[in-house]
Amino acid sequence: MGLPALEFSDCCLDSPQFRDTLKSHEAELDKTNKFIKELIKDGKTLISALKNLSSAKRKFADSLNEFKFQCIGDAETDDEMCIARSLQEFATVLRNLEDERIRMIENASEVLITPLEKFRKEQIGAAKDAKKKYDKETEKYCGVLEKHLNLSSKKKEAHLQEADNQVDLVRQHFYEVSLEYVFKVQEVQERKMFEFVEPLLAFLQGLFTFYHHGYELAKDFSDFKTQLTISIQNTRNRFEGTRSEVESLMKKMKENPHEHKTISPYTMEGYLYVQEKRHFGTSWVKHYCTYQRESKRITMVPFDQKSGGKGGEDESVILKSCTRRKTDSIEKRFCFDVEAVDRPGVITMQALSEEDRRLWMEAMDGQEPVYNSNKDSQSEGTAQLDTIGFSIIRKCIHAVETRGINEQGLYRIVGVNSRVQKLLSVLMDPKTASETEVDICAEWEIKTITSALKTYLRMLPGPLMMYQFQRSFIKAAKLENQESRVSEIHALVHRLPEKNRQMLQLLMNHLANVANNHKQNLMTVANLGVVFGPTLLRPQEETVAAIMDIKFQNIVIEILIENHEKIFNTVPEALTNTQQSLSWKKSNDSKPPSCSERPLTLFHTVQATEKQEQRNSLINSSLESVVSSNANSILNSNSPLQPSVNSSDPELDVMKPTRPSSLPPNPSPTSPLSPSWPMFSAPSSPMPTSSTSSDSSPISSPFRKAKALYACKAEHDSELSFTAGTVFDNDEEMRPSEKKQLAQGHTAIHPSQEPGWLEGTLNGKTGLIPENYVEFL
């Protein structure tokens, strides 16, 4: 039964029956609103599902279109060509059908979802707004009416008349709002009959159009379907006819396999295990190898039958010689060694059996072994910092910067070991290396080139930054202050030999260029430090402590990359100070000083051995870098070397007070404690000892030996007391008779920052010695 009609005349009476009828209409509107809301939600879900279905069918069609049948034999029958073409035909039909489905989906949103949302918001929403207004006016009218009825009859007539007029106005307004609300409710109820159903009809029409299009496609496909059915049946019949013949041939092959071998273009082929060197030792990798006697070419294809895939890239070499391995020279059986013309080193192979080894040896014209017990790997130690070495590194850098600077994972992704070794053998060939104008061919992958560069650096006799400086670089990286780290590493780099420093500069300039493109290649300075730290700063011994210091190796490389321009293009501050002090000339008329006139140098109370080691290391740092370049000036100088102590060392703090203006520039023997006997002249320029040093051994003073000429009594804690004849010596290889002259504990003597003064160590105490008090031996 339908809803009762809402009469406009009932709006004035506002009877309970009118209110009940109005509520039934309101409930119907709420029900319609909820239904349309759910229908819109379901419609959107349906459209989304249709889109996913279309996407899945289109992907299915693409897969069909990409697959190509490969028939056995060098020619195809008409039936086979029809079957091979069938997948592309299927894909075409599905794509056409999905094109029509996409058009239907696009129309569905316009013809179904949009009209329903519009009806719900504009019509039902307007009815809800009218209801709110109607309820508000009802409450207002009832309130005014109750208030009016409660007025006392004793009020003045004029007041009562005004109240009556106000109630009439409110009643009239309520009546108008009630009429408008009833009109809107009935309008919505009538509109939903067509505005709600019409979008559904349009959506169904789109579905019918889609299915009709599918019907038309099926009609067009009918001819090819008939032809394909016939081709499939013919192919099946031929298969049944030839299957018995193939099975018969298989049985013959089982009974006599050797009679049915195919003719091979190779002299010998089969599986061999090839020994390969890895970081953790050696491993045996299975290869399928072929050999042609005419060209003497061996091709090795890494292949694992269990996984059914290649384990790397093919490698081809030219045979030079083949030698059988004795059983007692290797743990494996059936082994033989192969030497190649175009690859350094020996390739050790293992055959599958003794008979298999014999066949390989006969094919390669193998020989019996002649062993040298001291034989080393030919590939080890061949890399040097010579013209060929610099040429190899420059070629690798040029290839990377021109072809692969933006490749992701540059220097982190490694190349195939066999390809890397082959590239190195080509680059290290003196004929190829001499051709400096020739670049690395484009056939070599960037990862192979970067791996070759790193491998060459690891093949050097020692790390590029040298074993003896490894601990010093690590110590510099551990300093708390970044500025101190840079300064210390700056000085250490300039202590490296010239070729090492040049190669390091070449490499750091390149790595800085790589880091500048980190947004493309993802290789930041930190990533490059991780890659090159262990290569350039590897320790001489592998210990737990060395492993823990790997992170500091990386920090050193990061500092070199970030500060490469300053480090390699400017002179360290310590070296500048040393050169300034070398220009100082000792006055010839200087006289021995008194203890009271000596300038004092105060030292923090550090252990004597620590102070000695620090002072030795710092002085040697300055001297090594200038001795070779300033040898002539040193020999012609009238003063001993005066290197300045690097004040950047946080463990050694030297506080030098200002010299009083009354103090003479050079010590003079005016002290009452000074001896009255004549002065003996000492050599004006003692020869410095070798500046080669190691972090693991004490660093020699530039003065080999000196003997005190006069007795001296210390007047301050920073001074030394000694007697005439005391020998100061930094040479540990002294004769026993010389050691007797030493005081308790080893003594040493060093240059001082003060002109005319020396620093000495005696009885574990460090202090100042007048230079003219000693004679250099």
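The dialogue below walks through features of one predicted model.

Q: What should I know about numbering and confidence before reading this model?
A: Residues are numbered from 1 along each chain as its sequence is written, and side-chain values use heavy atoms, with hydrogens and water left out. The model is predicted: local features need pLDDT of at least 70, side-chain atom pairs count only at pLDDT 80 or more, and totals for chains, interfaces and linings use all residues.

Q: How many helices and strands are in the chain?
A: Both are DSSP runs, numbered from the N terminus: helices are H or I with at least four residues, strands are E with at least two. The chain has 22 helices and 15 strands.

Q: What percentage of the residues count as buried?
A: Buried means under 20% relative accessible area, exposed means over 50%, and partly exposed lies in between (1.4 Å probe, protein chains only). Of the 777 residues, 41% count as buried.

Q: Which percentage of contacts comes from residues 24 or more positions apart?
A: Contact means heavy atoms within 4.5 Å. Take the contacts in the chain with a separation of 6 or more: residues 24 or more positions apart account for 71% of them.

Q: How many aromatic pairs does a search of the whole structure find?
A: Rings of Phe, Tyr and Trp (its six-membered ring) pair if their centres lie within 6.5 Å. Planes under 30 degrees apart count as stacked, over 60 as edge-to-face and the rest as tilted. The search finds 10 pairs. One of them is stacked: tyrosine 141 with phenylalanine 174, at 5.1 Å centre to centre and 5 degrees between the planes.

Q: Which parts does the pair of tyrosine 141 and phenylalanine 174 tie together?
A: Tyrosine 141 lies in helix α3 (residues 78-149) and phenylalanine 174 in helix α4 (residues 157-195), so the pair links parts 33 residues apart in sequence. Both residues are buried. Ring pairs also join Tyr134, Tyr141, Phe174 and Tyr181 into a cluster.

Q: What geometry do tyrosine 271 and tyrosine 288 show?
A: Their pair is edge-to-face, with 5.0 Å centre to centre and 75 degrees between the planes. Tyrosine 271 sits in strand β1 (residues 268-278) and tyrosine 288 in strand β2 (residues 281-292), so the pair ties together parts 17 residues apart in sequence. Tyrosine 271 is buried, at 18% relative accessible area. Tyrosine 288 is partly exposed, at 29% relative accessibility.

Q: Where does the charged end of lysine 286 sit?
A: A charge sits over a ring if NZ of Lys or CZ of Arg is within 6 Å of the ring centre and within 35 degrees of the ring normal. The charged end of lysine 286 sits over the ring of tyrosine 271, 4.9 Å from its centre. Elsewhere, lysine 478 lies over the face of phenylalanine 552, at 5.1 Å from the ring centre.

Q: Which residues touch the most other members of the largest nonpolar core?
A: A nonpolar core is a set of buried Ala, Val, Leu, Ile, Met, Phe, Trp, Tyr and Cys residues joined through side-chain atoms within 4.5 Å. The largest has 62 residues, and Leu504, Met508, Phe532, Leu536 and Leu560 touch the most other members. Helix α13 (residues 498-516) gives the most to this core, with 8 residues. A second, separate core of 34 residues includes Ile40, Leu97, Ile113 and Phe196.

Q: Is threonine 455 buried or exposed?
A: Threonine 455 is buried, with a relative accessible area of 15%. It is found in helix α10 (residues 446-459). A polar contact is a pair of N or O atoms within 3.5 Å; within protein, one must be able to donate a hydrogen and the other to accept it, and residues adjacent in sequence count only if both atoms are side-chain atoms. Here the side chain of threonine 455 reaches the backbone oxygen of serine 451 at 2.7 Å.

Q: How many bridges join β5 to β6?
A: Two strands pair if DSSP finds at least two bridges between them. β5 and strand β6 (residues 335-340) run antiparallel, joined by 5 bridges. Threonine 323 stands opposite aspartate 337 in β6. In β6, 5 of the 6 residues are buried.
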